[in-house]
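Let me put the sequence and the model up, and then I'll talk you through a few bits.

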Amino acid sequence: MTPATSAATTAVITAAETLALSWEARDAAVTDQPRPDASAPAVAPPAPPLPLPVQQVPAVRPQPPAGTLPPAGSPSASSVAPPRFLADDRPTGIRREAAWLGVSLVVYAVVLGGLVVVFFPTVRHWLLPPAWAERVAAIPRALGLESPPPPPLPVKQVEVRQYANAYSSAPKGAGGKVVRMVTIAGLVKNITNETLYELRAEIELYPRQPEGAPPERRTIYLVPNRLEPQQEGRYTLTVADAEYRQSSLKRIVTGDGKDMKEVPAVFIQGTLTPSGEAETKPATATPTAPNRQR
């Protein structure tokens, strides 16, 4: 037997003896346990402790040293980008807050400027063209915050001069009674570059009796009633002086019935002297309104 074989045999024997001694010790410990007393009450064994919650620990991939790239083929080579701290220009911290503050100020300025343009007519007409200003003005007008502009003044088309009242005496009725008559007349001139048709004068007559009676309206055609540019026409109305106390030229109209409309007129201050031998009585004229005559 060689020395190596002898050493191996000794080791196996030693291990077998050690295993046998451990079994004997375990059997002795089991047989030596104290037996419970039959008279003693049974005690329930304590409950086992609750298991601890399982904590998930994220896996941390090893990072290569600073300034070096991971080797080709490693998991971190394709999923982890190289650090670029000096080249990162994304806004962070104070820069991000400053960017949001700037955006908020721009939005606030745009909204405030829009409200000023919409609800302040002076700013609106100063900044916007006339067509856009009228479109934007529809918003405050629809809300009732701004009144619509007055309609444009009509372009004057005729010029009116009135004659002083002319009085005359004429027989009236079958008995031939002499009655005093008054003639109301005037001139109308076309001051446009177009021809005007169917021109008439509307005159109101105020009766003497009864007191406070409503006026009568008379419509008299001009002679001629068609006026070319710069042409003049004349209206004439003769009534009894005893029946009416006052007369007033209201307006110059064109058309008939429902199609009748007023012609913008300029009333010249003062009166003309009628021709003829008839007795005249001047009428009082007002500069801004049609003259009222007897």
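So, among contacts in the chain between residues at least 6 apart in sequence, what percentage join residues at least 24 apart? That comes to 62%, with contact meaning heavy atoms within 4.5 Å.

Housekeeping: this is a predicted model, where local features need pLDDT of at least 70, side-chain atom pairs count only at pLDDT 80 or more, and totals for chains, interfaces and linings use all residues. Residues are numbered from 1 along each chain as its sequence is written, and side-chain values use heavy atoms, with hydrogens and water left out.

The chain has five helices and 11 strands; those are DSSP runs numbered from the N terminus, helices being H or I with at least four residues and strands E with at least two. Of its 294 residues, 22% are buried (under 20% relative accessible area, with exposed over 50% and partly exposed in between, using a 1.4 Å probe and protein chains only).

Now look at R124, in helix 4. Is R124 buried or exposed? Buried, because its relative accessibility is 0%. Its side chain makes a 3.0 Å polar contact with the side chain of E146. By polar contact I mean a pair of N or O atoms within 3.5 Å; within protein, one must be able to donate a hydrogen and the other to accept it, and residues adjacent in sequence count only if both atoms are side-chain atoms. Leaving out residues up to four places away in sequence, R124 also touches others, including V117, F119 and P140.

And F120? That one sits in the loop between helix 3 and helix 4, and counts as partly exposed because its relative accessible area is 49%.
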